[in-house]
Amino acid sequence: MKGSIALHWRRIPERYRLEGTHCETCDSYYFPARRICRKCRRKGRIVPYKFSGKGRIYSLTEIHSAPEGLEDQIPYVLAVVELEEGARCTAQIVDVRKKDIKIGDGVEMVFRVVQREDPEGLISYGFKFRKLH
Amino acid sequence: MAGIIGYGAYVPKYRIKTEEIAEVWGEDAERIKSGLGINEKSVPAIDEDSATMAVVAAKIALKRAEIDPKKIGALYVGSESHPYAVKPTATIVAEAIDAVPDLTAADLEFACKAGTAGIQICMGLVGSSMVEYGMAIGSDTAQGRPADALEYSAAAGAGAYLIGKDEESLAIIEDTCSFTTDTPDFWRRPKADFPSHGGRFTGEPAYFRHVRSAADALLKKLNRTIEDYDYFVFHQPNAKFPKTLAKRMGIPQEKITDGLVVPYIGNAYSAAVPLGLANVLDKAKEGERIFISSFGSGAGSDAFSLKVTENIRKRENAENLSYFIDNKEYVSYAVYAKYRRKLKGL
């Protein structure tokens with residue numbers, strides 16, 4: 001495992017369950033979580049929020065030259081997903097090639113292995129998305 | 001007693017045909033297909049493992065049961081392919097489905113029957129009111145040595161069962177009993193990549209003796225006969241074993257058909273009986289009785305008698321197993337080798 005164990009652990013709610021935040025003052029949703037609403041600033045009332053996991057493809061590409069640790073997963077589709085609450089996140093789209101999916105398609109969060117390259121290190125799990133039929 | 005208040009079944013999208021594997025090793029595919037009764041098997045994607053598949057199945061079970069995951073007081077994951085040698089799969093699953101932190105959790109291993117062993121533990125905890133709900137999961141990405149007979153069957157999948165009180169159950173578990181001995185038919189030592197097995201020894205002294213003994217004992221205990229049941233689900237390392245067993249016990253073949261998913265997905269090990277049972281629950285009607293008998297090498301068998309209730313309508317809340325069986329994509333042997341991480345040098 002490269003990087004901090006504490007950081008890996010601290011981000012489990014975000015990575016496993018899509019937990020972000022919601023500003024009750026202006027009804028904005030943030031993922032990853034923000035502690036201060038960027039619209040309301042001091043007037044914002046930020047509370048934890050678990051996203052539904054449903055969303056749409058906002059933009060996408062196919063990765064053929066992967067960063068270290070993800071080489072065995074190529075080719076994979078990487079997308080910006082617009083969650084139904086409004087926030088956007090970047091994630092892999094599983095079980096498809098680029099030709100199978102387009103901007104606007106509905107997707108749903110799935111739980112997958114993100115990285116497990118080091119045989120003696122921690123396995124990193126987290127959210128990815130699958131295309132809805 | 002206790003019963004099933006929700007269930008979930010998952011099979012990965014990818015399949016490899018028996019012909020594709022046979023071609024690589026110069027074997028006669030038709031002979032293997034008629035011998036094992038397996039046409040194709042499921043293959044996990046490169047980023048799937050027993051933990052991720054267990055999470056999918058668990059979420060489907062929760063969707064059916066319509067309960068708050070925080071009410072789960074016990075969670076067990078049975079597998080022979082836990083992602084870590086030391087560090088529980090169950091904590092990963094509990095965290096992902098948001099059942100943490102007020103629960104007990106542990107991993108189980110008993111070759112192909114660790115999933116049903118988990119159901120029995122949950123029955124005890126629910127029956128004694130130690131927990132309100134317990135979740136038992138069987139999940140495996142089974143390993144088969146290249147060119148071994150197991151390579152045609154070792155598959156992947158997960159089945160999750162949420163156990164609660166009788167009155168909430170979609171299927172009441174009327175009773176269970178087990179048959180267990182030290183029978184060395186199949187094993188894998190620490191750090192070994194692939195299991196070893198006793199070939200023909202896995203049949204009579206292992207599978208047939210244990211599954212039959214557990215089944216006979218439960219029928220006797222309940223004073224029931226084959227006619228009292230509408231469906232039978234047996235462990236399915238291939239299609240031949242459960243069909244032969246049914247014939248010996250005088251069970252009409254049509255009573256085992258719905259619970260036999262091995263021809264389409266292969267042997268999902270700890271998930272094999274949980275998936276077969278899910279396929280039956282996807283079709284069963286109120287009042288029908290289901291008999292199941294699992295098998296784990298090493299060796300043991302757990303038999304259960306179930307009665308379907310009116311709550312079976314809750315199955316409509318979520319995807320059934322056929323959704324995942326039908327949503328498939330075939331891969332070549334080379335891609336299969338990559339997904340199963342059999343390629344070196346990456």
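**Entry 1: chain A against chain B**

I looked up the salt bridges between chain A and chain B in this predicted model and found 8, taking a salt bridge as a side-chain nitrogen of Lys or Arg within 4 Å of a carboxyl oxygen of Asp or Glu. I noted one between Arg112(A) and Asp47(B), with N to O at 2.8 Å.

I then listed the elements of chain A that give two or more residues to the side touching chain B: α2 (12–17), β6 (88–94), β7 (106–115) and β8 (124–131). Helices (H or I, at least four residues) and strands (E, at least two) are DSSP runs, numbered from the N terminus. With 4 residues, β7(A) gives the most to that side. I sorted the side of chain A that touches chain B by class and recorded 12 nonpolar, 4 polar and 9 charged residues; Ala, Val, Leu, Ile, Met, Phe, Trp, Tyr, Cys and Pro count as nonpolar, Asp, Glu, Lys and Arg as charged, and the others, Gly among them, as polar.

For contact, meaning heavy atoms within 4.5 Å, I recorded 25 residues from chain A and 27 residues from chain B. The two chains bury about 2,200 Å² between them, 48% of it on carbon and sulfur atoms; buried area is the accessible area (1.4 Å probe) that two parts lose on being put together, summed over both.

**Entry 2: the two domains of chain B**

I took domain 1 of chain B as 2–170 + 325–339 and domain 2 as 171–312, with bounds from an automatic or database domain assignment. Their C-alpha centres lie 16 Å apart. The contact draws 56 residues from domain 1 of chain B and 52 residues from domain 2 of chain B.

I recorded about 4,000 Å² buried between these domains, 61% of it on carbon and sulfur atoms. On the domain 1 side, Cys112(B), Thr116(B) and Leu170(B) lose the most area to domain 2, together 16% of what that side buries.

I found 2 salt bridges across this domain interface. I also looked up the pair Lys113(B) and Asp302(B), which form a salt bridge with their closest N and O atoms 3.0 Å apart.

**Entry 3: conventions**

I note that residues are numbered from 1 along each chain as its sequence is written, and that chains are lettered from A and ligands numbered from 1 in the order in which they are written. Local features need pLDDT of at least 70, side-chain atom pairs count only at pLDDT 80 or more, totals for chains, interfaces and linings use all residues, and side-chain values use heavy atoms, with hydrogens and water left out.
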